[in-house]
Amino acid sequence: MTKNPSKVVSLNQALLAAKRAQLNPLSYFPHYQPIVYLPTGEIAGYEALARRNNQVGEATSAGELFANHQYSLSNRRQVDRYVRQQALEQFAQSQQEGFLTLNIVPDWVDMLAGDICTPTISMIEKIGIDPSRVVMEITEASGNIDNLQRVVKEYHQAGLKVAIDDFGAGASQIDRIIALEPDIIKLDMRLFKDATKGGLSADVVLSISELVQRAGCELICEGVETEQEFHFGVECGARYMQGWLFYKAEKSFLPAQSSQAKVKTLLASYLKRKSQRSLATVKHNVSVKTTVLALKHQLQNGGNALSLEQQLEGVGILRYFLCRTDGTQVSPNFEVTGLGIEEDDNFVGFNWSFRPYFHALIALDSVKPQQLILSKIYRDSSSKEMCKTFSTYLTKDLVLLVDCKVADDTLLVE
């Protein structure tokens with residue numbers, strides 16, 4: 001028997017409508033995940049997360065609800081507001097110190113009329129919470145930026161703080177930092193976890209963390225589950241962290257001091273490993289400096305580096321070359337390989353005066369002309385190795401530059 005397509009469509013619509021009708025805000029409630037502050041080790045705040053009970057009565061995440069288009073946008077927003085209201089009321093009743101972060105989907109913002117005060121501000125005023133203790137966490141890179149800018153301005157004028165969540169995920173969000181001027185940035189959890197393994201992801205995340213700090217924002221690392229992730233979060237400059245390494249989201253609040261012992265142990269572990277890394281770096285730098293000075297002496301006396309070949313390779317030197325003091329390269333790149341020292345003329349005539357270590361070298365000429373200048377660590381564009389450059393005067397008019405590969409000593413990964 002052939003089905004009537006119109007009846008099938010009507011049936012599907014009826015089922016969808018019935019499913020939407022079952023979305024009861026009263027079935028949803030908040031749980032709270034602590035956010036710890038490393039300098040004191042205390043719980044500094046909580047993120048409110050939506051929960052619902054499953055078939056056996058266990059509280060499970062309701063996060064997928066807010067991206068489920070089977071339910072109407074207005075119905076999802078209704079649930080979100082109900083959970084938000086509960087969170088604010090319970091936070092106020094608990095007499096907790098610290099802050100509370102509330103997630104808000106930009107789609108909710110797009111639904112607000114331009115002349116309407118945001119509902120969260122009204123809730124806060126009615127409940128009587130100090131608005132400076134509430135953080136509005138913008139959870140996605142969607143939404144109209146003009147609408148977001150208007151609402152964020154309202155939040156700031158009312159005394160609330162603003163966070164951008166999942167920073168680094170998907171499309172670029174640099175424009176959001178400029179437009180919204182957030183107080184807090186939360187790194188994208190998947191990017192953060194990938195970065196803890198090292199490599200290019202780590203370089204990118206460390207660069208993002210530097211950008212965040214230069215923008216005057218606090219950085220929060222979330223999803224921290226292991227000691228290794230904690231160490232990398234510290235390396236990123238995060239003073240706030242949250243994740244299962246500390247606590248899962250629970251229905252009640254905890255004494256602020258509950259996390260102090262755990263944080264103290266983790267920081268001691270970080271300090272020990274970082275100190276060991278730093279000691280290894282210092283020893284390596286001393287070995288390289290000794291080799292660079294030997295190379296300098298050899299070149300100043302008309303010799304060549306062939307006698308130093310094994311020593312150069314042994315400390316990880318990739319290449320050396322000569323520049324005038326105006327930054328112009330006047331020698332080939334002398335590439336140190338396992339097969340010997342090879343010359344590469346491709347860079348003769350290039351000007352490297354824009355590199356930061358060149359400025360420092362010139363500045364120190366009149367003070368300490370024998371000084372060796374060490375660059376920051378960077379990824380070499382040719383070898384893709386993590387490198388640093390040592391530079392020193394060879395003569396009054398010539399500078400010796402030596403590129404040396406290093407262990408990934410900015411990252412606390414095995």
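1. In this structure, a hairpin joins β11 to β12 through two residues. Strand β11 covers residues 333-337, and it pairs with β12 in the antiparallel sense over five bridges, where two strands are said to pair if DSSP finds at least two bridges between them. The helix and strand labels used throughout are DSSP runs numbered from the N terminus, with helices being H or I runs of at least four residues and strands being E runs of at least two.

2. A word on the basis of this note: the model is predicted, so local features need pLDDT of at least 70 and side-chain atom pairs count only at pLDDT 80 or more, while totals for chains, interfaces and linings use all residues. Residues are numbered from 1 along each chain as its sequence is written, and side-chain values use heavy atoms, with hydrogens and water left out.

3. For the chain as a whole, there are twelve helices and 16 strands. Of the 414 residues in the protein chain, 45% count as buried; buried means under 20% relative accessible area, exposed means over 50%, and partly exposed lies in between, with a 1.4 Å probe and protein chains only. Among the contacts of the protein chain with a separation of 6 or more, 61% come from residues 24 or more positions apart, a contact being heavy atoms within 4.5 Å.

4. Because four of its five residues are buried, β11 is largely enclosed by the rest of the structure.

5. Which residues of α9 and α10 meet? From α9 they are Glu 227, Phe 230, His 231, Val 234 and Glu 235, and from α10 they are Leu 266, Leu 267, Ser 269, Tyr 270, Arg 273 and Lys 274. By class, this contact of α9 with α10 has five nonpolar, two polar and four charged residues, where Ala, Val, Leu, Ile, Met, Phe, Trp, Tyr, Cys and Pro count as nonpolar, Asp, Glu, Lys and Arg as charged, and the others, Gly among them, as polar.

6. Helix α9 is mostly covered, with seven of its nine residues buried; these include Phe 232 and Gly 233. The buried residues of α9 pack against α7 (189-195), α8 (200-214), β8 (218-221), β9 (240-241) and α10. After α9 comes Gly 237, which has a positive phi near 90°.

7. Two side chains may be compared by their surroundings. Lys 296 has its place in helix α10, where it is buried, with a relative accessible area of 4%, and a polar atom of its side chain lies 3.0 Å from the backbone oxygen of Tyr 393. Arg 355, found in the loop between β12 (340-344) and α12 (356-363), is partly exposed, with a relative accessible area of 22%. The side chains of Arg 355 and Tyr 357 are joined by a polar contact of 2.8 Å, meaning a pair of N or O atoms within 3.5 Å; within protein, one must be able to donate a hydrogen and the other to accept it, and residues adjacent in sequence count only if both atoms are side-chain atoms.

8. Gln 95, in the loop between α2 (73-94) and β4 (99-104), has a positive phi near 55° although it is a residue other than glycine, and it counts as exposed at 71% relative accessibility. Glu 181, in the loop between α6 (174-180) and β7 (184-187), is not a glycine either and has a positive phi of about 50°, and at 59% relative accessibility Glu 181 counts as exposed.
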